[in-house]
Amino acid sequence: MIKLVGVEKTLGGQPVLQGIDLSIPVGKLTTIIGRSGEGKSVLLKHMIGLMQPDRGEVWVGDVEISRLSGTPLNDVRKQFAMLFQGAALFDSLSVFENVAFPLREKLRMKGPEVGRRVEEKLEEVGLAGMGHKFPAELSGGMRKRAGLARALVMEPEIILFDEPTTGLDPLMAKSIHDLIVTMHRRFGFTAVMVSHEIPEIFAISDWVAMLRKGKIALMATAAEFQRTTDPEIHEFISVGGTVALPGSLVGVRRSTKDGKSQVGDGGRRVRVRRHVVPRVSVDQARETRVDRRRASTKSRRSSTAPRGSNRVRRSKSPASKSAGSEGLRSLRIVRR
Ligand SMILES: Nc1ncnc2c1ncn2[C@@H]1O[C@H](COP(=O)(O)OP(=O)(O)OP(=O)(O)O)[C@@H](O)[C@H]1O
Ligand SMILES: [Mg+2]
């Protein structure tokens, strides 16, 4: 449905996209990964016609959109919704009005039908009864949910998600992923997601594509992608582990010669999560985030580990304690 052929784009004198060939499978969830600043957001903007390539073609269905503008482009865009990096809600509008906005502006919808559709979507994303709140009164996760409701309300054929979980704690990130997967299964739209959540994305995506040096270095099914033999790609996806199956440990764990358990490698900060995460409410998750922030500030202050040593932190979140014995444990190793 979406197809990019030889797309090139230079921004601020810097070549960003340098010959992108990419076909997004219809009705599937495709995730685009790559280092920060590689051009993932720029790539999404080309798909929806917010940016035009210097060279190459962008096809949406049987329409080549790269030189379109005005009404013809808007007609194509009606098939799309986009959840921008940071949710991009209108601060001066309530959550209800934010979600109602595309219905009123794009579909010229009026009357009780607007209220019905907005309330329905708010309920689906877990924000029932929150319509009167303003974005400033919401947690990061709630803002993402509101953005998701606004994307879904138009019942689009294609939804582009730019880092829908960035800035959220692991529980909230998981609940947003779950929501995207549930909505994707229920409504069958074509989903393109940019994400840094490795390895979690392998458990939820149908296809994974990696952007590297302005080109698509690899596109494969989630399972095939993890078996790559390309050393650079392998290193990139190994940072957080290679599998994310429920109940499994995420990360590279091995025993050292002296019998101690070691996590991660390469001097990087690696987070290992046990994927037996209980379902928690939005409020519980928010409490968890606040508690984790406090805990991490405290542990930074109290750290006395000498430079060059590995320091392992263990924590058990209060929300997970209250939610059952199989709580979320995190184990971190920081090489200094
Ligand atoms: N409107 C713009 N004008 C000039 N340069 C831009 C513009 N938009 C993006 N760039 C540049 O293009 C490059 C790619 O940016 P982009 O935002 O797509 O990266 P990204 O892969 O999404 O990174 P991140 O993972 O941090 O979000 C960056 O060097 C950025 O500075
Ligand atoms: Mg980006």
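Which element gives the most to the shell around ligand 1?

A: This is a predicted model, in which local features need pLDDT of at least 70 and side-chain atom pairs count only at pLDDT 80 or more, while totals for chains, interfaces and linings use all residues. Residues are numbered from 1 along each chain as its sequence is written, and chains are lettered from A and ligands numbered from 1 in the order in which they are written.

Helix α1 gives the most to the shell around ligand 1, namely three residues. The shell holds 13 residues, counted when the C-beta atom, placed from the backbone, lies within 6 Å of the ligand. Leu11, Ser36, Lys40, Ser41 and Val42 are the closest. Two or more shell residues come from each of β2 (14-24) and α1 (40-47). Helices (H or I, at least four residues) and strands (E, at least two) are DSSP runs, numbered from the N terminus.

By class, the shell has eight polar residues, three nonpolar and two charged. Here Ala, Val, Leu, Ile, Met, Phe, Trp, Tyr, Cys and Pro count as nonpolar, Asp, Glu, Lys and Arg as charged, and the others, Gly among them, as polar.

As for the setting, the protein has 11 helices and 15 strands. Of its 336 residues, 37% are buried, that is, with 20 or more other C-beta atoms (placed from the backbone) within 10 Å of their own. Among contacts (C-beta atoms, placed from the backbone, within 7 Å) between residues at least 6 apart in sequence, 66% join residues at least 24 apart.

Notes: A residue is buried if 20 or more other C-beta atoms lie within 10 Å of its own, exposed if 12 or fewer, and partly exposed in between; C-beta atoms are placed from the backbone. Two residues are in contact if their C-beta atoms, placed from the backbone, lie within 7 Å.
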